[in-house]
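Colleague: I have a new model open and would like to learn how to read it. Could you walk me through it feature by feature?

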Amino acid sequence: MSSDGARLDVTADLSIEVDGAPVRVTAEGGDLRVVAADVRGFVLGLREAATARNGTRPGRADVGDLAGALADAGLTARLDSPSRSVVTLGAGVDSALGGLLLGTRKARPDALGILRASGRARSVGAAVTGALLLGLAVVRRRGRADRGTATS
């Protein structure tokens, strides 16, 4: 609830680009959703804009302030990649992990979503997947060689 006791009701459908990457903002009632094709770039862009505006780089306290303001207004906001949730903050959120990682229990991070949303994680994931596939191919080849030797 907001400080005057009124719950905000938001309706939105906005498409923008941040550094060439599409971002879509939708809202219905008290639920806001931001879907960014490049979540990392989007967050870095927000951080740069906040730093330019305030002269200081935002940190954990600012995440807590934002989550608290959303909760006070009866709003829940989700930041998503096109395929996964990354973080949810505001009304109805109570997360021990958020308290630990982001400094507020009113923010619930999705660890897998955060990893998948970062460019570095995607390249690491691709390397790990490649290594697993190579390892699987080697194991299968050895298995076939062993069976061939056993039948000879």
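Modeller: Gladly; we will go from the overall fold to the core, then to the salt bridges, a serine and a surface patch. Keep in mind that this is a predicted model.

Colleague: Let's start with the fold. How many helices and strands does the protein have?

Modeller: The secondary structure comes to five helices and six strands. Read from the N terminus, the order of elements is β-β-β-α-α-β-β-α-β-α-α. Among contacts between residues at least 6 apart in sequence, 38% join residues at least 24 apart.

Colleague: And what share of the residues is buried?

Modeller: Of the 152 residues, 28% are buried. The accessible surface comes to about 10100 Å², and carbon and sulfur atoms account for 57% of that.

Colleague: How should I read a nonpolar core?

Modeller: The general idea is that in soluble globular proteins, nonpolar side chains tend to be buried together. Here the largest nonpolar core has 19 residues, and Val23, Val34, Phe42, Leu79 and Leu89 touch the most other members. At least two residues of this core come from each of strand E2 (21-29), strand E3 (31-36), helix H1 (39-54), helix H2 (60-72), strand E4 (76-80) and strand E5 (85-90).

Colleague: Take Leu89 as an example. Which residues is Leu89 in contact with, leaving aside neighbours within four places in sequence?

Modeller: Leu89 is in contact with Val63, Leu66, Ala67, Leu70, Leu75, Thr76, Ala77, Lys106 and Ala107.

Colleague: Now the charges. How many salt bridges does a search of the whole structure find?

Modeller: The search finds five. For each one, look at the N to O distance, then at how exposed the partners are. The side chains of Arg78 and Asp80 meet at 3.9 Å, N to O, just inside the 4 Å cut-off. Asp80 is buried, with a relative accessible area of 4%, whereas Arg78 is partly exposed at 31%. Both residues also belong to a salt-bridge network with Arg33.

Colleague: Which parts does the pair of Arg84 and Asp110 tie together?

Modeller: Their side chains form a salt bridge at 3.4 Å, N to O. Arg84 lies in the loop between E4 and E5, and Asp110 in the loop between strand E6 (107-109) and helix H4 (111-117), so the pair ties together parts that are 26 residues apart in sequence. Arg84 is partly exposed at 26%, and Asp110 is partly exposed at 22%.

Colleague: What about Asp94 and Arg105?

Modeller: Their closest N and O atoms are 2.7 Å apart. Asp94 sits in the loop between E5 and H3 and Arg105 in the loop between H3 and E6, eleven residues apart. Asp94 is exposed, with a relative accessible area of 55%, while Arg105 counts as partly exposed at 44%.

Colleague: Is Ser95 buried or exposed?

Modeller: Ser95 counts as buried because its relative accessibility is 6%, under the 20% limit. Ser95 is placed in the loop between E5 and H3. Its side chain reaches the backbone nitrogen of Leu97 at 3.3 Å, and a polar atom of that side chain lies 2.9 Å from the backbone nitrogen of Gly98. Beyond residues up to four places away, Ser95 touches Thr104, Arg105, Ala107, Arg108 and Pro109.

Colleague: Last, the surface. Which residues make a nonpolar patch?

Modeller: Leu97, Leu100 and Leu101 make a nonpolar surface patch of about 290 Å². Leu100 is found in helix H3 (residues 96-102) and counts as exposed because its relative accessibility is 63%.

Note on methods. Residues are numbered from 1 along each chain as its sequence is written. This is a predicted model: local features need pLDDT of at least 70, side-chain atom pairs count only at pLDDT 80 or more; totals for chains, interfaces and linings use all residues. Side-chain values use heavy atoms; hydrogens and water are left out. Patches are made of residues with over 30% relative accessible area and no salt bridge: like charges are joined within 9 Å, nonpolar side chains (Val, Leu, Ile, Met, Phe, Trp, Tyr) within 5 Å. Accessible areas come from the Shrake-Rupley method with a 1.4 Å probe; for residues, only the protein chains shown count as cover. Helices (H or I, at least four residues) and strands (E, at least two) are DSSP runs, numbered from the N terminus. Buried means under 20% relative accessible area, exposed over 50%, partly exposed in between (1.4 Å probe, protein chains only). A nonpolar core is a set of buried Ala, Val, Leu, Ile, Met, Phe, Trp, Tyr and Cys residues joined through side-chain atoms within 4.5 Å. Contact means heavy atoms within 4.5 Å. A polar contact is a pair of N or O atoms within 3.5 Å; within protein, one must be able to donate a hydrogen and the other to accept it, and residues adjacent in sequence count only if both atoms are side-chain atoms.
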